[in-house]
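Let's take a friendly walk through this structure, one region at a time. Keep the model open as you read.

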Amino acid sequence: MGFLKSIFGSSEPKEEKVLPWQALTNVAQLTEIEQRSRTKTQVIFKHSTRCGISSMVMNQFVSAYEVDANLDLYYLDLLSYRDVSNEVGYKFQVMHQSPQLLIIKNGATVAHASHGAINDIDLERFA
């Protein structure tokens, strides 16, 4: 039975990992993120809910994320909040991509990545 279990997986439900996301839904939050970044690393994950690649990258990010990381984690549904997504680019000086991860420290973007490169970023380096 072990062989079949390794092929088809267990029938036991997997415990879903829940990240401490804060919804980014308002342009005014960007000023708060900038200010908070002076004392604690801020991370913005821009996600396109209609994009399969974005969903795949997000699932990988969630699986690899260390829940106890000392940073604030924001989730931006860029299709629902296009104006916020545009302002993120202006304020933090990054060209829009999706999916995209931005790391903000001391009021500025210290690292950013898109697509598969998101999961290559070592967040512990910035915490």
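Predicted model: local features only at pLDDT ≥ 70, side-chain atom pairs only at ≥ 80, totals over all residues.

Residues are numbered from 1 along each chain as its sequence is written, and side-chain values use heavy atoms, with hydrogens and water left out.

Helices (H or I, at least four residues) and strands (E, at least two) are DSSP runs, numbered from the N terminus.

Which residues of helix 2 meet helix 4? They are Leu30, Thr31, Ile33 and Glu34, facing Val84, Glu87, Val88, Lys91 and Phe92 of helix 4. By type, the residues of this contact divide into five nonpolar, one polar and three charged.

## The nonpolar cores

The largest nonpolar core has 18 residues, and Phe61, Leu101 and Leu123 touch the most other members. Such a core is a set of buried Ala, Val, Leu, Ile, Met, Phe, Trp, Tyr and Cys residues joined through side-chain atoms within 4.5 Å. Helix 3 (52-64) and strand 2 (41-47) are among the elements that each supply at least two residues, and helix 3 gives the largest share, four residues.

Beyond its neighbours within four places in sequence, Phe61 is in contact (heavy atoms within 4.5 Å) with residues including Leu19, Trp21, Phe45 and Leu73. Apart from this core lies another, of twelve residues, among them Leu24, Ile33, Tyr74 and Val94.

Between helix 4 and strand 4, the loop holds Gln93, Ser98 and Pro99. Is Ser98 buried or exposed? Ser98 is buried, with a relative accessible area of 17%, whereas Gln93 is exposed at 67%; buried means under 20%, exposed over 50% and partly exposed in between (1.4 Å probe, protein chains only).

Ser98 touches His47, Ser48, Ser54, Leu78 and His115, not counting residues up to four places away in sequence. The peptide bond from Ser98 to Pro99 is cis, with omega near -10°. Gln93 has a positive phi, near 55°, and is not a glycine.

Terms used: Nonpolar A, V, L, I, M, F, W, Y, C, P; charged D, E, K, R; others polar.
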